[in-house]
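Thank you all for making time this morning.

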Amino acid sequence: NVTGLAIIDISDPANPGAPSYTATGGWANEIDINGSHAYVGNGTPDGLAIIDISNPASPGTPVKQNTNGYGYGVSVVGNYAYIADGNSGLAIIDITDPTNLVGPGGGGTPVYEPTNGTAYGIDVVGSYAYVADGPAGLAIINISDPTDPGTPVYRDTNGNAREVKINGSHAYIADGNVTGLAIIDISDPANP
């Protein structure tokens, strides 16, 4: 929401602490944590917001990267943040230095791989980004070279794919209010 990031101390789950907040200036949709930073899918125009959370009681000022679409989902692996970027598809941002964001190709511009639907959710496992692509279902993109992602391979679902999580050789997709859960065998990512 408009508030952005909220951090709550849950060391005593029966009595959680008061939240500390950091405004992201966008609509905080999803979060991934990597080390001492929180990575927020932050809507538009700032598709990604990165916040130093080394002191959870006083999080840092967000560092933002504009994307062409609408930052919904985010998955951080290694030196890259992978953004489900709405109508832009997949956006890839080099986060080697979280205080100085650059696209994998350099120059501060994200690398994009368009998808047929609307990229809402993402999970990255190994050399593949799995994108919940709205009406297009599941899009699987080879990201072994983040500067030149592969052409998406699709498996349609009966609904509107909003989120995806990978567990072993299966993709579990939140597929909207009619279909519910869709499960896809991805043991061969080129032929789901």
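Before I point at anything, one term: when I say strand, I mean a DSSP run of type E with at least two residues, and the strands are numbered from the N terminus. Please also keep in mind that what you see is a predicted model.

With that term in hand, let me start at a loop, the one that lies between strand 12, residues 128–132, and strand 13, residues 138–142, because the residue I want to show you there is Asp133. Is Asp133 buried or exposed? Asp133 is buried, and yet it has no salt bridge, since the nearest side chain of opposite charge, that of Arg162, is 10 Å away, whereas a salt bridge as counted here needs the two charged groups to be within 4 Å. What the side chain of Asp133 does reach is the backbone nitrogen of Gly117, at 2.8 Å. If we leave aside residues up to four places away in sequence, Asp133 touches Thr115, Asn116, Gly117, Thr118 and Ala119, and also Ala139, Tyr154 and Ala161.

Strands 15 and 16 are joined by 5 bridges, and here you can find Val164 standing opposite Ile173 in strand 16. Strand 16, residues 170–174, also pairs with strand 17 over 5 bridges, again antiparallel, and in this pairing His170 stands opposite Asp185 of strand 17. Which residues of strand 17, residues 181–185, lie on its covered face? Those are Ala182 and Ile184, while Leu181, Ile183 and Asp185 make up the uncovered face.

The other sheet I would like to show is also open, with 4 strands in the order 3-4-5-6 and antiparallel pairing. Its edge strands are strand 3, residues 30–34, and strand 6, residues 63–65, each of which pairs on one side only. Neighbouring strands of this sheet are turned against each other by 20 degrees on average, if direction is ignored. Within the sheet, strand 4, residues 37–41, and strand 5, residues 48–52, run antiparallel and are joined by 5 bridges, with His37 standing opposite Asp52 in strand 5.

How values were computed: Residues are numbered from 1 along each chain as its sequence is written. This is a predicted model: local features need pLDDT of at least 70, side-chain atom pairs count only at pLDDT 80 or more; totals for chains, interfaces and linings use all residues. Side-chain values use heavy atoms; hydrogens and water are left out. Buried means under 20% relative accessible area, exposed over 50%, partly exposed in between (1.4 Å probe, protein chains only). Two strands pair if DSSP finds at least two bridges between them. Lys and Arg count as positive and Asp and Glu as negative; His and the chain ends are not counted. A polar contact is a pair of N or O atoms within 3.5 Å; within protein, one must be able to donate a hydrogen and the other to accept it, and residues adjacent in sequence count only if both atoms are side-chain atoms. Contact means heavy atoms within 4.5 Å. Axes are lines fitted to C-alpha atoms, for helices over the stretch in contact, and angles run from 0 to 180 degrees between N-to-C directions.
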